[in-house]
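Colleague: I am new to this structure. Could you take me through its strands and its core?
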Amino acid sequence: QVQLVESGGGFVQAGGSLRLSCAASGRTFRFSLYTMGWFRQAPGKEREFVARITRSGDTYYADSGEERFTISRDNAQKTVYLQMNSLKPEDTAVYYCASGLGPNPNYDYWGQGTQVTVSS
């Protein structure tokens, strides 16, 4: 059983920063082999891609956050991070992490999400 648990969300003013974490667990889950992604879903909107990092460390970002967000991973800690700077009210959403195999995967496992609220 694979479990992904997000943390680090909260309430922040526009222009502020947050760092999200996603800790993976599971006896047979080989974290280092997986691409890890971050997605978000705002109220009334569809879930959208934010960023992903492959097993080799290649990173990809949605245009909306490319210069403000940084994804990273710590394989020893089985954790993926999303550093978010210069936050905007339109970044308000529930943020989810996910894992999948391959450089641009169909994601197999999802976390429960963490709420990020940015006030203007």
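Modeller: Two strands pair if DSSP finds at least two bridges between them; strands are DSSP runs (E, at least two residues), numbered from the N terminus. The model is predicted, with local features needing pLDDT of at least 70 and side-chain atom pairs pLDDT 80 or more, while totals for chains, interfaces and linings use all residues. Residues are numbered from 1 along each chain as its sequence is written, and side-chain values use heavy atoms, leaving out hydrogens and water.

Colleague: How many bridges join β4 to β5?
Modeller: Five, and β4 and β5 (residues 48-53) run antiparallel. Trp 38 stands opposite Ala 51 in β5.

Colleague: What lies between those two strands in the hairpin?
Modeller: Six residues do, and Gly 44 in this hairpin takes a positive phi near 75°.

Colleague: And which way do β4 and β9 run, parallel or antiparallel?
Modeller: Antiparallel, with seven bridges joining β4 to β9 (residues 93-100). Phe 39 has Tyr 96 as its bridge partner in β9.

Colleague: Is β4 mostly covered or uncovered?
Modeller: Mostly covered: of the seven residues in β4 (residues 35-41), six are buried, meaning under 20% relative accessible area with a 1.4 Å probe, protein chains only.

Colleague: Changing topic, which residues touch the most other members of the largest nonpolar core?
Modeller: Trp 38, Leu 82, Met 84 and Tyr 95 do, in a core of 28 residues. Such a core is a set of buried Ala, Val, Leu, Ile, Met, Phe, Trp, Tyr and Cys residues joined through side-chain atoms within 4.5 Å.

Colleague: Which element gives the most to this core?
Modeller: β3, with four residues.

Key. Buried < 20%, exposed > 50% of the residue type's maximum accessible area, 1.4 Å probe, protein only.
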